[in-house]
Amino acid sequence: MNDLIWLHEDALSRDHPVFAEAAPGSQACFIWDDIYLQEMGYGFKRLLFIYETLLELPVTIIRGKRCDCLARLARENGGRILVPATPNPLLQQTIARLGEDFAVEVIAAS
């Protein structure tokens, strides 16, 4: 059983402890949610920074709605969802919603 690592823009680091917590062979993903990114008010330069940083990480970029994509991936992986801690209330809402149906573990940065 593999874990699903959900990276978000608050934890774009290869050294984040979320990678050490995951079972070997676990998939890491970033959900490119256009609606969420617009809600956050990110400009072109910020979006470019996020994208270029993601290209340097062992992560699959998936475009779609956060909850829908993560729920589908969690069902496919059959394990926990590991997510870096975040102060972002929109991401915290997504984490809480996912926690209603899946085992979600929030991993703090060291």
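A search of the whole structure, a predicted model, finds 0 disulfides. The structure does hold 5 salt bridges, and three of its residues, Asp3, Arg80 and Glu105, are linked in a network of such bridges.

**Cysteines**
- Cys29 is buried, at 0% relative accessibility, and Cys67 is buried at 19%.

- Asp3 and Arg80 form a salt bridge through their side chains, with an N to O distance of 2.9 Å.
- This pair links distant parts of the chain, 77 residues apart: Asp3 precedes strand S1 (4–7), and Arg80 sits in the loop between H4 and strand S4 (81–84).
- Arg80 also meets the side chain of Glu105 in a salt bridge of 2.6 Å, N to O.
- Glu105 belongs to strand S5 (residues 104–107) and Arg80 to the loop between H4 and S4, so this pair ties together parts 25 residues apart in sequence.
- Asp3 is buried at 5% relative accessibility, whereas Arg80 is partly exposed at 26% and Glu105 is partly exposed at 28%.

**Helix H4**
- Arg66 and Asp33 form a salt bridge of 3.4 Å, N to O.
- Here helix H4, which holds Arg66, is linked to the loop between strand S2 (27–32) and helix H2 (34–39), which holds Asp33.
- Arg66 is buried at 9%, and Asp33 is buried at 6%.
- Asn77 also lies in helix H4 (residues 66–77), and its side chain reaches the backbone oxygen of Leu73 at 2.8 Å.
- Asn77 is buried, with 17% relative accessibility.

How values were computed
Residues numbered from 1 in each chain as written. Predicted model: local features only at pLDDT ≥ 70, side-chain atom pairs only at ≥ 80, totals over all residues. Heavy atoms only, no water. Disulfide = S-S within 2.5 Å. Buried < 20%, exposed > 50% of the residue type's maximum accessible area, 1.4 Å probe, protein only. Helix = DSSP H or I, 4+ residues; strand = E, 2+ residues; numbered from the N terminus. Polar contact = N/O pair within 3.5 Å; in protein donor to acceptor, adjacent residues only side chain to side chain. Salt bridge = Lys/Arg side-chain N within 4 Å of Asp/Glu carboxyl O.
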